[in-house]
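Here are my notes on this entry, as numbered points. Please read them with the structure open.

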Amino acid sequence: MKLYSTRNKSYLASLSEAVMQGLPPDNGLYMPTQIPSLSPTFWGNLAKSDLPEIGFHVSKNLFGNAIPEADLWDICSRALTFSAPIVTIDDKRHILELFHGPSLAFKDFGARYMAQLMSYFNRSEDQPLTILVATSGDTGGAVAAGFYKTPGIEVVILYPSGKVSPLQEKQLTTLGHNIRALEIEGTFDDCQTLVKQAFLDQDLAHKMRLSSANSINIARLIPQSFYYFEAYRQLTPSDADLAFVVPSGNFGNLTAGLFAQHMGLPIKAMVAATNVNDIVPNYLVSGKYNPRPSVRTLSNAMDVGAPSNFARMQDLFSDLDGSTWNNMKKTVWGYSYSDRETEVIMQKVFAEHNYTLDPHSGVGYLAMNAFLADHQSCRAVLLETAHPAKFLADVNRILDTQINVPDRLEKLRLKTKNATLMPVNFEALKDNLIQNQ
Ligand SMILES: *Cc1c(COP(=O)(O)O)cnc(C)c1O
């Protein structure tokens, strides 16, 4: 398998280079040179395949011989250890629950698979690899859980003191083993600056092997295509056209759906659901891509003003005849909603279907309804990106109830935080890294 940079298609990297570097040197994004169709055998066996099997065949289809089959099988079966069940609301509306992993959000799929791939590519190194991550909350939790006890890899997470939710803080600071948390007396931007400084520091580069767990690493995107097939497997056959509705921020999840479509999954439409940070829905209407600073909303994991995967979406639609915009509009639909509208639909779905949506899926549910109203021949699968208990205070307030909290969250509350408090000071970070390696 080879990957090119979206900024320069003649710059080619191997899978291991792309995974270990995260970003090409020109700051584009890595894209596979080919996204081949899956074989008739895959489709023939799909009905009785489980998620690790789907993951194996889809990976193999993309990777070619980059990883021997036995190793690839190990990677998939270690990463894909939880289910992605479909809940059916009515014959047109289905919900794919992607929150059954350790951090209760779909990001677990990407983080766990990336951890396994990195560990594999790192296997013959003597020195451990240290992954440095700055987090404002959500990504750090998935990365911490994803890399937990991964051989040969140490993880150091920097988070802004007092600026992540108590639950998020527990997800970052209670695992132990190869996961260390540094509580920085500053903002998320300070954390990010410290991490960038660490990557540029020559002295550190000589003393330890550092890498990032960047959210736009291709290793996080690929496993997000697996559950589109898993959804399709669970649906009863039907003549209706299939649409997937994706609550979106950086558009990684939606881009992974486009990968699945390229591999032959019969997807008629990908529906982008956003909150008021509606850069992509606006682009679909006007043809103009105008990133702008993000606005804070109830569905805060989608508060993104410059979606990082947009370059990949454009790339996928640029190779065909006609303009990228026109091509994208044939497959991708966009809708955006306010917090008020989101609260109302969460109440409605709770009252009418006794189903609890989290705020992100609330935005998605509205988009699903709007899309289906305009497309009578379609049925839709909404990706439910997080467990409602992740946003407990908001969800309880909106629904005026006390929703169930899964056991693993309840247990987390009782665990003791273990983090090193540190000023915004690069020398202090550097000393800490060197002393603890
Ligand atoms: C990250 C996240 C999103 C946005 O996903 P993208 O791939 O960035 O578009 C949506 N919902 C939840 C709960 C998330 O954590």
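How many residues surround the ligand, and which are the closest?

1. Ligand shell. The model is predicted, so treat the distances below as computed from it. The ligand is surrounded by 15 residues. The closest are K107, G249, N250, F251 and T385. Sorted by class, the shell holds 7 polar, 6 nonpolar and 2 charged residues.

2. A side-chain N or O atom of K107 sits 2.5 Å from an oxygen atom of the ligand. F251 takes part through its backbone: a polar atom there is 2.8 Å from a ligand oxygen. N253 also uses a backbone N or O atom, at 3.0 Å from an oxygen atom of the ligand. On its own, the ligand has 390 Å² of accessible area, and the protein covers 96% of this.

3. N253. This residue belongs to helix α12, which spans residues 252–262. Is N253 buried or exposed? N253 counts as buried because its relative accessibility is 4%, under the 20% cut-off. Its side chain makes a polar contact of 2.5 Å with the side chain of Y227. Beyond its neighbours within four places in sequence, N253 touches F106, Q224, Y227, Y228, V246, L383 and T385. T385 is also among the residues closest to the ligand.

4. Main nonpolar core. The largest nonpolar core contains 88 residues. Y113, F147, Y228 and F244 have the most contacts inside it. Which helix gives the most to this core? Helix α5, residues 107–121, does, with 8 residues. Another core lies apart from it and has 39 residues, including I95, V363, A367 and L409.

5. F147. Setting aside residues up to four places away in sequence, F147 is in contact with A111, M114, A115, M118, I131, I153, V155, N178, I179 and A213. Of these partners, A111, M114, A115 and M118 fall in the range of helix α5, residues 107–121.

6. L117. This leucine is located in helix α5. L117 is classed as buried because its relative accessible area is 1%, again under 20%. Its contacts, leaving out residues up to four places away in sequence, are V19, F63, I67, I75 and A219.

Terms used:
Residues numbered from 1 in each chain as written. Predicted model: local features only at pLDDT ≥ 70, side-chain atom pairs only at ≥ 80, totals over all residues. Heavy atoms only, no water. Core = buried A, V, L, I, M, F, W, Y, C linked by side-chain atoms within 4.5 Å. Buried < 20%, exposed > 50% of the residue type's maximum accessible area, 1.4 Å probe, protein only. Helix = DSSP H or I, 4+ residues; strand = E, 2+ residues; numbered from the N terminus. Contact = heavy atoms within 4.5 Å. Near = heavy atom within 4 Å. Polar contact = N/O pair within 3.5 Å; in protein donor to acceptor, adjacent residues only side chain to side chain. Areas by Shrake-Rupley, 256 points an atom, 1.4 Å probe, with all protein chains shown as cover. Nonpolar A, V, L, I, M, F, W, Y, C, P; charged D, E, K, R; others polar.
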